[in-house]
Amino acid sequence: MSMPHSSAVPLPFISDATSTLLHSLRQHGYSTAMVLRVLGSTGVSVASARSPQAALWYARRSDAPQLERHIVTAFYLRQAVDQHALEDFLTPGLVADLLRDGVLVEAAEGTLRCAIDIRPITFAPHAAQDVLIASDPDASMEDRIPGADHVPGVGHASLSLLNVIPPVSPGSSILDLGCGSGVLSLVLADHSDNVTVIGTDLSQRAIEFANANGSVSAAHSNAPKSSRVSWRQGSWFEPVAGKQFDMIVANPPFVIGPAVVGHVYRDSGLPLDGATSTVVGGAAEHLMPGGTAHILAGWALEDSESAASRVSSWLPSHGVRAWVVQREEVDTATYVTTWLQDEGLDPRHHDGRQRTQAWMDFFADNGISRIGLGFVHIQRIDDDQPTELTFEVLDHPLPAGTYLGLEAAEFFARAQWLSEQDSDGILAAKYAVRPTTALEQVGLPRSDEYSSQGFVEYVTRLSRTDGPAWSHEVDEPVVKILSGLHPQALSLEDVIELYCASQALDSEDFTSALLPIVVDLVRHGMIIPAELLDEDNEESHQQ
């Protein structure tokens, strides 16, 4: 197997010609629907699986209009297309300008290939429709190792973060810290009403891509009232010193390793998890009261160290409510291998073996044995309130298409409610069981040596069938109490009193055992305090 090489080919220059190209593609209908018409669902899948030749096979056999096949082949698949065909819809002058900038390059005789990636992104949870994002090509799709100034586009990291960001409220101010090519900024602004977004990045080249992408989004915004997106170059929070925002989103260069910068988009120059700690630690002072931050994060852990204590050490002592969700924990070897492959470096090759050795030695020298990956959600609370941190592991599979942004918003609402209650308040409240909560009763076969005796109860669970799909084991008394809850009927205390009277139980002891369970079920949204229900939920419980 040959090794990808670090190419000496100059990076494309991102100028007004790139912006003109994006406008032209938009005017010619370049969209997710066009990509699907040309490639079909299978072709889109194999393209996503990083098999460009297989995707090209579907494009060549498509019965879509020829112009659409040329556009998708040239700019989605980045395969060579006849120069005259490109000039026919882009104009010879624009093609000449793009050749001058290196955005188009000569391929086989009479054909040109696009040297940047241009993708339409549709993200239904945020109502974003066909936002065009130009960037450098996915490193895994290239036969060379990306350079230090590589600017990524629509990838797994940005899509994962978008999936946990709550819906944007009209009139909000947003900071996109480490904006790269502008994916988060432009998706969040696309259909939001009158929001203001500032995207910052250390890389001037990232800002150039973001400017080009922003120009076409501004001209074709889907928002009822046009949102304003601007870009600033600088390190971390420096470009917005003294400013506060309703929301901060950040996909920082969070690769955990030595204090070097091999690639600006993923290496921070800070040792270990210094990038994540910098963003997490600095977010609160840049949030408006009640504002939230949503950060893609990683944390380096010693053998006996907990992720909760690691992240807690980065937070201020007061004024923050944090929800830390770990999606995955891996050993250092798996982590190193994953990131070497991300930059196109084969761990079996000599260079890959050397990098693996040095990286794993660095982890060992610092006592690191595990890497946690996930999200840190932060809410600014009153400065005199002690900081609260909830750490949870969410490593079970979720159904395809699950959107967790609503859960982040609900978590903070539920946590705020719980923080305002003492035991008496929790008991005096009325609740609704979430309509998507399922009761599961699991039994195992019971038999003797002669015959089957049916099933014996093994475990009873409450499980959410939506969002994070939390699951709790419960017993029969808890099920009975939950069965008596209704937001317009008895309080929890009254339901407990009736149950204990019917079962001849001591209500004080029963209540003491039940309260922690109720708190956990509220925290996970399985039972909802009546005052947190919206009108739609109230109507559904009346029916």
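1. A definition to start with: patches here are made of residues with over 30% relative accessible area and no salt bridge, and nonpolar side chains are joined within 5 Å. Please keep in mind that this is a predicted model.

2. With that in hand, have a look at Leu444, Val456 and Tyr458, which make a nonpolar surface patch of about 290 Å². Leu444 sits in strand E17, residues 437-447. Its relative accessibility is 39%, so Leu444 counts as partly exposed.

3. Next, a sheet. Three strands form an open, antiparallel sheet in the order E2-E4-E3. Strand E2 (81-82) and strand E3 (104-106) are the edge strands, each pairing on one side only. Between E3 and strand E4 (residues 111-114), which run antiparallel, there are 3 bridges.

4. Now to helix H6 (residues 92-101), where the buried residues are Leu94, Val95, Leu98 and Asp101. Viewed down the axis of H6, these buried residues fall within an arc of 125°, so they line one face of the helix. As a reminder, an α-helix has 3.6 residues a turn, so residues three or four places apart point the same way.

5. What covers that buried side? The cover over the buried residues of H6 includes helix H1 (16-27), helix H5 (83-90), E3 and E4. On the face of H6 turned away from the buried side you will find the exposed residues Pro92 and Arg100.

Methods
Residues are numbered from 1 along each chain as its sequence is written. This is a predicted model: local features need pLDDT of at least 70, side-chain atom pairs count only at pLDDT 80 or more; totals for chains, interfaces and linings use all residues. Side-chain values use heavy atoms; hydrogens and water are left out. Patches are made of residues with over 30% relative accessible area and no salt bridge: like charges are joined within 9 Å, nonpolar side chains (Val, Leu, Ile, Met, Phe, Trp, Tyr) within 5 Å. Accessible areas come from the Shrake-Rupley method with a 1.4 Å probe; for residues, only the protein chains shown count as cover. A salt bridge is a side-chain nitrogen of Lys or Arg within 4 Å of a carboxyl oxygen of Asp or Glu. Helices (H or I, at least four residues) and strands (E, at least two) are DSSP runs, numbered from the N terminus. Buried means under 20% relative accessible area, exposed over 50%, partly exposed in between (1.4 Å probe, protein chains only). Two strands pair if DSSP finds at least two bridges between them. The arc is that of the directions from the helix axis to the C-beta atoms. Contact means heavy atoms within 4.5 Å.
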